[in-house]
Amino acid sequence: ELKLIKEEKTITQALIVNFDESLTNDYLKLATELRAAGINTMLYFESTDLKKQLGYASDKGIKFAIMYGPNETKEGMMVVKNLEEGTQEKVALKEVVKYFK
């Protein structure tokens, strides 16, 4: 009643945004790698509007959204957005686990 204890909505730390169904295998590999490193990760299953996916993450209390689309694939990078702070930065695909640690 007094709101003295912070209520957690989810244990998920990161949501992988689904830009393109043709990248599903890449998304699953990334989720597996993050989970193996102890980072609770969820993949948004259907490829739909970015705003809807980010809204879902915010509603669930997920702190990070990982955006990896066709453009990022070419660069070998991904965009990690901190939904609490509203900031984002590009992270090399090879460095994503280190980023979260």
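Two strands count as a pair when DSSP finds at least two bridges between them. With that in hand, here are the close-ups, all taken from a predicted model.

**View 1. Five strands make up an open sheet.** Read across the sheet, the strands come in the order E2-E1-E3-E4-E5, and the pairing is mixed. E2 (41-43) and E5 sit at the edges with a single partner strand each, so one side of each has no neighbour in the sheet. Going from strand to neighbouring strand, the average turn is 25°, ignoring direction. For a look at one pairing, take E3 and E4: they run antiparallel and are joined by 4 bridges. Here Phe-64 stands opposite Asn-82 in E4.

**View 2. Helices H1 and H2 against the strands.** H1 packs on the sheet and touches E1, E2, E3 and E4. The direction of H1 makes about 165° with that of E2. Helix H2, residues 50-60, lies across E1, E2, E3 and E4 as well. H2 runs at about 170° to E1.

**View 3. The largest nonpolar core holds 19 residues.** In soluble globular proteins, nonpolar side chains tend to be buried together. Which residues have the most contacts inside this core? They are Ile-16, Leu-30, Leu-34, Ile-66, Met-78, Val-96 and Phe-100. At least two core residues come from each of E1, helix H1 (24-36), strand E3 (64-67), strand E4 (77-82) and helix H4 (96-100). H1 gives the largest share, with 4 residues. Zoom in on Leu-34 and you'll find it touching Ile-39, Thr-41, Ile-66, Val-96, Val-97 and Phe-100, once residues up to four places away in sequence are set aside.

**View 4. Aromatic rings, pair by pair.** A pair of aromatic rings is described by the distance of the centres and the angle of the planes. The whole structure has 5 aromatic pairs. One of them is Tyr-27 with Tyr-68, edge-to-face, with 6.4 Å between centres and 75° between planes. Tyr-27 belongs to helix H1 and Tyr-68 to the loop between E3 and H3, so this pair ties together parts 41 residues apart in sequence. Are these two tyrosines buried or exposed? Both Tyr-27 and Tyr-68 are buried. Phe-64 and Phe-100 make another edge-to-face pair, 5.1 Å centre to centre with the planes at 85°. That pair links distant parts of the chain, since Phe-64 is in strand E3 and Phe-100 in helix H4, 36 residues apart. Phe-64 and Phe-100 are buried too.

**View 5. Two salt bridges in the structure.** Side chains of opposite charge can pair when their charged atoms come close. Glu-75 bridges to Lys-90, with 2.8 Å between the closest N and O atoms. Glu-75 is in helix H3 (residues 70-75) and Lys-90 in strand E5 (residues 87-92), so the bridge ties together parts 15 residues apart in sequence. Glu-75 has a relative accessible area of 46% and is partly exposed; Lys-90, at 47%, is partly exposed as well. Lys-98 forms a salt bridge with Glu-95, at 3.3 Å from N to O. Lys-98 is exposed, with 60% relative accessibility, while Glu-95 is partly exposed at 35%.

**View 6. Thr-12 and Met-42 in contact.** Thr-12 lies in the segment before strand E1 (14-17). Buried means under 20% relative accessible area. Thr-12, at 15%, therefore counts as buried. Beyond its neighbours within four places in sequence, Thr-12 contacts Asn-40, Thr-41, Met-42 and Ile-62. Met-42 lies in strand E2 and, at 23% relative accessibility, counts as partly exposed. What does Met-42 contact, leaving aside its neighbours within four places in sequence? The list is Thr-12, Ala-14, Leu-15, Ile-16, Arg-35, Tyr-56 and Ile-62. For Met-42 and Ala-14, 28 residues apart along the chain, the C-alpha atoms are separated by 6.3 Å.

Methods:
Residues numbered from 1 in each chain as written. Predicted model: local features only at pLDDT ≥ 70, side-chain atom pairs only at ≥ 80, totals over all residues. Heavy atoms only, no water. Salt bridge = Lys/Arg side-chain N within 4 Å of Asp/Glu carboxyl O. Buried < 20%, exposed > 50% of the residue type's maximum accessible area, 1.4 Å probe, protein only. Contact = heavy atoms within 4.5 Å. Core = buried A, V, L, I, M, F, W, Y, C linked by side-chain atoms within 4.5 Å. Phe/Tyr/Trp six-rings, centres within 6.5 Å; stacked < 30°, edge-to-face > 60°. Axes fitted to C-alpha atoms, helices over the stretch in contact; angles between N-to-C directions.
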